[in-house]
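This report describes selected features of the model shown below. Please read it alongside the sequence and coordinates.

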Amino acid sequence: MTDPKPPSADAEGPPWRRAALRTGPFVAAAVVTVLLAGAAVAGADDEESHGFAQGEQFRLLAPADPGGGWDQTAREMQSALRDQVGRVEVYNVGGAGGTIGLNQYAQLPAEPTELMVTGLIMVGAIETSGSAVTMDDVTPLARLTTDYEIIVVPNDSPVRDTGDLVDLMREDLGAVSVAGGSAGGVEQILAGLIAQDIGADPAEVNYIAHAGGGEALATVLSGRATAAISGVSEILPQIEAGRLRPIAVSSTERLPALPDVPTLMEEGVDVELSNWRGVVAPAGITEEEERRLEELLMTMAESPAWRDALKRRGWEDAALAGPEFESFIESERDRTAEVLEQIGLT
Amino acid sequence: MSATADTPDPRAAQHPAAGERAAQDPAAQPSAAPPAGAPGRPPAAPAPPPFDGGSDRRGHQATAALGALMAVFGVVVLADAASLGDGVGAALVGPGGFPMVVGVLLIGVGAALAVRALAALRTAPAGAPAAELKGRFLRLAALVGALVVFAVVLPYAGFTLSSALLFTAAALLLGAPHPWRTAAYGWTLAGVLFLLFDVLIGLSLPGGPWGF
Amino acid sequence: MTEISALIDGFGAALSPVNLLWALLGVTIGTAVGVLPGIGPALTVALLLPLTFRLDPAASLIMFAGIYYGGMYGGSTTSILLNTPGESASMVSALEGNKMARAGRGAAALAAAAIGSFVAGTIGTVGLTFLAPVVADFAVGFGPPEYVALMALAFVTVSALLGRSILRGAASLLIGVTIGLVGIDQQSGDARLAFGLPSLLDGIDVVVVVVALFALGETFSRLMHGTGGETVEPVRDRAVLSRSDWRRSWPAWLRGSALGFPIGSLPAGGAEVPTFLSYSVEKRLSKRREEFGHGAIEGVAGPEAANNAAAAGVLVPLLTIGLPTSATAAVILTAFQSYGLQPGPQLFSESGPLLWTLIASLYIGNVMLLVLNLPLVRMWARLLTIPAYAIYAAVLVFATLGTFASGGTTADLLILYALGLLALLMHAADVPIAPAVVGLILGPLLEQELRRALALSQGDPMILVSSPLTVVLWVLMALALALPLVAKTVRRDVGRTAAEEEPEQEAAGPPPAPRA
């Protein structure tokens, strides 16, 4: 061994140092083992003290990478559920609009403690990716939040309102560029729905996809794109700073945060769309379990921790459970599938 | 390590340097590797193009292999790009456009690397002897094997044990002198990391049947 | 002077005990990984990225910035005492610094490096404070065509400057771009190069690539080559500078800063070029030219200062345009994105308080680093006596942990290993690694912006030169392409007359003035 630090290292120094070198690692290893065992025991205690189904810990799958809306929903649920069910484990399986997470989730056993966050984007992504696993393979529990979409134009744009935009689109659809989030996402669906409503071909919309609202914002602020579509919570600071002109929101009624901005329906475009998020359980759980989980989520939706989270994140409350939620998912699926097919994304 | 320490490998002295810089340092070259390639070069012959590379045969072979690999991948990228549609709506460059360019460039640059390396191979000084090279590849295979075992075992045996085993295997392959002491270090490191990341920060690491 | 008041608010936040602790942790880790060969700041930040799931943005960004600055300080210790630069831009310091250490003047070299890093780091941070908001305001007008031109310029300069030869740099960049192609295309939703594997659908995680290319490649390469005996030069006295050392060092620090910050803040540079430039400037200006090559303190002071000022400069395009020009910057960009923050012109208006806290913490981190590195330098030097096998085995454990913690699965680990073997081949072929990381990040950006630009113009390529700025950028790119070729011909002529052609002369960029 011609190692730069030869084994002779422990042949140097006073005897106590040699002894320390020889036994030190083993002492350290023993100490760590004790700590590990202690932590493991403490962790087991923690799980038993609360509990829902047979004292088992809840696991919540966020089918997206950390940082996005689903991940944020899962993390906020984690803290809002703490009082009721103890520590909830959140884990992320990101990719392909949530369908990768959905595929993995469908493999899980029918345990009522295995939950997953879902939303409109997943419903759309199932259609665009042709995923074999669909919403039929899970048990919908509840819708929790919604984030409406808003259409904005640059401050110096000649477009003053939705009417101007619609006129431009009727004139030359390709010349109206619309910046927004990823392909097949909520923003593109909304752009397609608007085109559909005014009698244009959704496939011909000049939609410029971006990784997220921030990037789409950069494109519209540079004045290169005619308009941008984004989630209200993402773009609100820019609107308040007066850097963009909002022309319409996608909700059915005006939003409290933006009372001066009309809805699309007011402006004569019969479209409403909300980027809703909710929770599902595995297929095959009993009706009793389903009822108890729905109760649990509805109680959570009333909790101060959750109310606070809605406010902080800028989400609208959209609590809806039971059969109503299931038929809501049905109608969302039909509508999304139709417009995505017209755009040419399925 | 003892096997290679006395090899006149001009690159050896340079290699421990950190990732970002190790292989791309024009300035450290004269200090780290005094013209090790020079003695083998007949002074009368016109100097080969200053195609740097690992200046021995092994370096050129590796360069040629990398070039060939890039060219092969270029073909794969082109094939994949050709299978893609034209995109939707007003998008005029479809999903395949950019990969087409990348594929062509991969083939071009890969071929250029390979051709120049093969040309330099004729005049390059010999590198490490084949027998020693075999030993090196065996050690590499052993380490890759240990890593694969780690990946397979991790979900069942938990983070701490798997990582401790990986540490021990890697350290021994890299020339650690005391197996048991090394294992103790490995266990300590893995345990501390588990405590830090799983218990303190709350990232869930695989626990294994005993919870760590 | 809204910047000043914003900065004062930033200091208020950065001086909170918790944030001070994160800064201290960051600079300590940064110095340690800068010192240790085999681990750099890019790799460290990549490994710690999973922390962003848990910490609030201010805490982790302050820590990452500390690691980034700390790595620059620590790197100089290694290059001076061991002659193997532990971190990217420190290699020029090894030229004179190691000679000084061998002559028993290691302490003075370390002091010149540490104080120089402090002076330049502070000057660079001041530059960042005042330049960044201006650039951000300017960059608000950037649309897809401007970004295309910027990315193209960065591509050319990165492959030309970061490698030993343009061909090798381009090869590395292309490898990175190819890896970046994997996954679902943003504009069309089509899967590319995924071969039907679900784990490839969403692309290969940046953490996995960085860890594979740096950590695994380095470890495999270590296993294949081993090393000869490296000798750590002992530090004999306290790290203080004599009066004449001071006199010789301070102009070099200032000149190094003056070179480093502007070049670093170009959307092209990185920290390598200014260190070379500073070295040759110092050599040319010195009254003691004969000392160069035998341990001239200016040759340590200047490049170290240039290195740290450039490190601050690199943050300007990163924060204001979202354009990373070094491997570490590329990974820090990912950290921002995992919080849903998009570095770019809007970052200052959207997340102003966070950014100013970050900038204030850079000032604080610099002071901490000076304290950590001057009196405690011997402690850091002791890190160099940790045997290599232990370092690399630990690096492997960190690497697999980082991959798994970033949402990884067994499949991700296997991808990690495969890319690690690719990195080994790149090492063996002497193809640099850093351009691959930059290509991985910039490649997809360039493609998306290009396609957006063409969609906006409905296919008219003239949109790419539709503003004065784009024209300027394209001209700059042409110059960057032409310059190395011109320089090469000139040098070849010089080389012929001097009848000494050294292999490294093919390196692009300014001549590193090989020692006599």
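## Composition of chain A

Chain A contains twelve helices and ten strands, helices (H or I, at least four residues) and strands (E, at least two) being DSSP runs numbered from the N terminus. The model is predicted, and local features need pLDDT of at least 70, side-chain atom pairs count only at pLDDT 80 or more, and totals for chains, interfaces and linings use all residues. Residues are numbered from 1 along each chain as its sequence is written, while chains are lettered from A and ligands numbered from 1 in the order in which they are written.

Of the 346 residues in chain A, 47% are buried; a residue is buried if 20 or more other C-beta atoms lie within 10 Å of its own, exposed if 12 or fewer, and partly exposed in between, with C-beta atoms placed from the backbone. Among contacts in chain A between residues at least 6 apart in sequence, 75% join residues at least 24 apart. Two residues are in contact if their C-beta atoms, placed from the backbone, lie within 7 Å.

## Domains of chain A

Chain A is divided into domain 1 (59–146 + 274–343) and domain 2 (148–249), with bounds that come from an automatic or database domain assignment. The C-alpha centres of the two domains of chain A are 27 Å apart. Domain 1 contributes 18 residues to their contact and domain 2 contributes 16 residues.

On the domain 1 side, α5 (120–129), β9 (274–282) and α12 (323–343) of chain A each supply at least two residues. By class, this side has seven nonpolar, nine polar and two charged residues. Here Ala, Val, Leu, Ile, Met, Phe, Trp, Tyr, Cys and Pro count as nonpolar, Asp, Glu, Lys and Arg as charged, and the others, Gly among them, as polar.

## Surroundings of A:D270

A:D270 lies in the loop between β8 (244–249) and β9 of chain A. A:D270 is exposed, because it has 12 other C-beta atoms within 10 Å. Leaving aside neighbours within four places in sequence, A:D270 is in contact with A:D197 and A:M265. The C-alpha atoms of A:D270 and A:Q196 are separated by 9.8 Å, although these residues are 74 apart along the chain.

## Helix packing in chain C

In chain C, helix α2 (residues 17–35) packs against helix α16 (residues 352–373) at an angle of about 50°, with their axes 9 Å apart. The residues in contact include C:A23 and C:V27 of α2(C), and C:G365 and C:M368 of α16(C). By class, this contact has seven nonpolar, seven polar and no charged residues.

How values were computed: Axes fitted to C-alpha atoms, helices over the stretch in contact; angles between N-to-C directions.
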